[in-house]
Amino acid sequence: ERRRGKLKEFDEGEIKDDDNLPVVANEMEEKPSFLENEDPFHHIFHLYRGKEVGISSSKVKESMLRGDSKHQTCQDLICKVKAYVQIVPESEGKQGARSRMALISHDHLAPYRELSQEYITRIYVYRAFNLSPRMHLGNLTCNPYLKITNGQDDLNQFSNEKNAAENDLNPLFFQVIELTTEFPANGSLDIEVWDSDTLGQDVMVGSTTVDIEQRVINKMARGEKEYRRLLNSTMSTSQGLILVKIDVLTAEQARQIKADTLSPPQFLDYQLRLILWSTYAVKFPQLENRGLDVDQKLIVTANFDGEKGQDIVKNTDVAWYAAEGCADWNWRMIFNLKLPCKNPRLRIAVWDENLLDRNEALGEVILNLSPFFKKCLLEKTPKTKDQRRLVSFEHSRYRSVGIGTLKLEMQMLTKAYAEENPAGEAQNEPNVDPFLPNPKRNSPPWAVGSRALDWLANRRALVICIAATVIVGALFIPVLYVAFASQ
């Protein structure tokens with residue numbers, strides 16, 4: 001079958017799994033050591049029967065049930081043929097062609113003749129990533145389950161439809177499946193991910209096909225973890241990735257070699273402490289307002305969405321009169337979470353607070369915490385620190401416009417260590433590790449000594465006039481009301 005290209009170029013061993021073991025970044029068929037051992041018979045040709053290309057008999061039956069006579073003929077896949085095709089110069093004649101084919105047959109057919117015994121194909125399915133969602137009651141999601149086959153008999157098929165995951169685009173399978181295998185009848189292994197729909201018909205999300213016979217011929221029957229693309233003939237792009245390992249064992253080897261025990265990763269309790277130190281040069285993203293300072297009311301929010309539907313949202317207090325968009329925060333945010341998590345992202349946004357309307361979003365930054373979390377799980381220390389750094393805000397509609405920066409740092413603590421060494425939110429007690437002093441800011445307008453009160457204090461005549469107007473109005477309004485009511 002035609003190659004579909006590589007996922008991405010990686011150095012060998014660059015990709016690691018949860019246990020820090022190397023994983024094949026592409027399909028095993030793209031591995032250089034696999035390609036070096038390929039024999040000429042690895043090409044697979046599909047043989048079809050019928051007249052109209054691309055129309056299967058199942059679609060013809062469906063159209064006939066609907067009363068549609070448009071498709072009366074079809075083209076069905078009859079079988080797959082693994083063969084070697086060689087073009088020989090006409091000058092060599094038939095005798096030359098036969099001699100060439102004799103050499104090929106002598107060198108390469110012997111391994112196929114040895115594939116007469118029974119095998120066991122052992123498939124380890126770990127997880128899938130970024131599955132393409134389907135519509136369920138108005139929501140785009142997926143209820144994935146597995147179908148794995150290498151033949152028509154029951155011993156060559158597996159399905160976990162009854163245990164389909166719910167609303168999960170990154171499902172954890174962690175299953176070991178064994179299928180009886182005889183060559184050449186069961187030489188092709190299909191791994192499919194389906195979407196379960198209780199109100200409609202199940203739909204295949206995507207599938208990947210493995211030539212397990214070729215793996216035995218290439219002496220790579222014992223596989224490695226590999227990422228495989230899930231493809232769908234109705235779609236032009238990959239529908240997700242699936243992480244698997246495939247071993248092809250003789251019946252005797254299968255009895256002697258026990259299958260690895262797979263279990264989903266153990267979730268560990270951690271506490272993330274995010275410290276916001278200060279913002280610098282925060283500006284309005286709109287070009288027409290670029291000359292205006294955000295000199296009124298700044299607020300910062302942080303949203304951790306590690307699990308779908310379980311967002312943890314925190315916010316700072318309001319920094320009044322933040323001249324030129326600069327404000328000190330010295331603010332601690334605490335997130336209690338479990339590792340590993342599916343979406344290790346932290347969304348930090350800066351806003352211009354509006355007392356009478358919705359806050360205006362000035363910019364945001366999305367931090368991928370996956371490397372930091374992996375470091376915590378690998379080091380297995382009670383406390384892991386991420387260095388203090390500056391991150392830049394940007395606005396989705398003004399990508400090329402600088403919004404401002406935020407200085408922050410992070411700490412990750414195990415639950416036990418966090419309970420032994422507690423810290424308070426913001427500057428609350430216990431204010432330790434690190435100690436956060438009260439930020440140096442301008443006071444809000446109602447505070448004694450604020451800029452607003454100072455402005456009013458320097459304009460006593462105006463204040464007296466306003467007070468007199470209010471008192472006179474309060475006295476005369478009832479009199480006017482009684483006068484008009486009596487008329």
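Visitor: What share of the 487 residues of the chain count as buried?
Guide: Buried here means under 20% relative accessible area, with exposed over 50% and partly exposed in between, for a 1.4 Å probe and protein chains only. This is a predicted model, in which local features need pLDDT of at least 70 and side-chain atom pairs count only at pLDDT 80 or more, whereas totals for chains, interfaces and linings use all residues. Residues are numbered from 1 along each chain as its sequence is written, and side-chain values use heavy atoms, with hydrogens and water left out. Of the 487 residues of the chain, the share that counts as buried is 39%.

Visitor: Which element of the chain has the lowest mean pLDDT, and which the highest?
Guide: pLDDT is the predictor's confidence in each residue, from 0 to 100; its mean over the chain is 81, and 79% of the residues reach 70 or more. Elements are DSSP runs numbered from the N terminus, helices being H or I of at least four residues and strands E of at least two, and the chain has ten helices and 21 strands. The lowest mean, 52, belongs to helix α9 (residues 451–457), and the highest, 97, to strand β6 (residues 144–149).

Visitor: Which residue in β9 stands opposite I148?
Guide: Two strands pair if DSSP finds at least two bridges between them. Strand β6 is joined to β9 by six bridges, the two running antiparallel, and β6 also pairs in the antiparallel sense with strand β7 (residues 157–159) over three bridges. In β9, the residue opposite I148 is I191.

Visitor: Which residue in β10 is the bridge partner of E192?
Guide: Strand β9 (residues 188–195) pairs with β10 in the antiparallel sense, over eight bridges. Strand β10 (residues 203–211) is mostly covered, with seven of its nine residues buried. The partner of E192 in β10 is S207.

Visitor: Which side chain of opposite charge is nearest to R273, and how far away is it?
Guide: R273 is found in strand β13 (residues 268–280), and its side chain reaches the backbone oxygen of N421 at 2.8 Å. With Lys and Arg counted as positive, Asp and Glu as negative, and His and the chain ends not counted, a salt bridge requires a side-chain nitrogen of Lys or Arg within 4 Å of a carboxyl oxygen of Asp or Glu. R273 is buried yet has no salt bridge, and the nearest side chain of opposite charge, at 4.5 Å, is D433.

Note on methods:
Polar contact = N/O pair within 3.5 Å; in protein donor to acceptor, adjacent residues only side chain to side chain.
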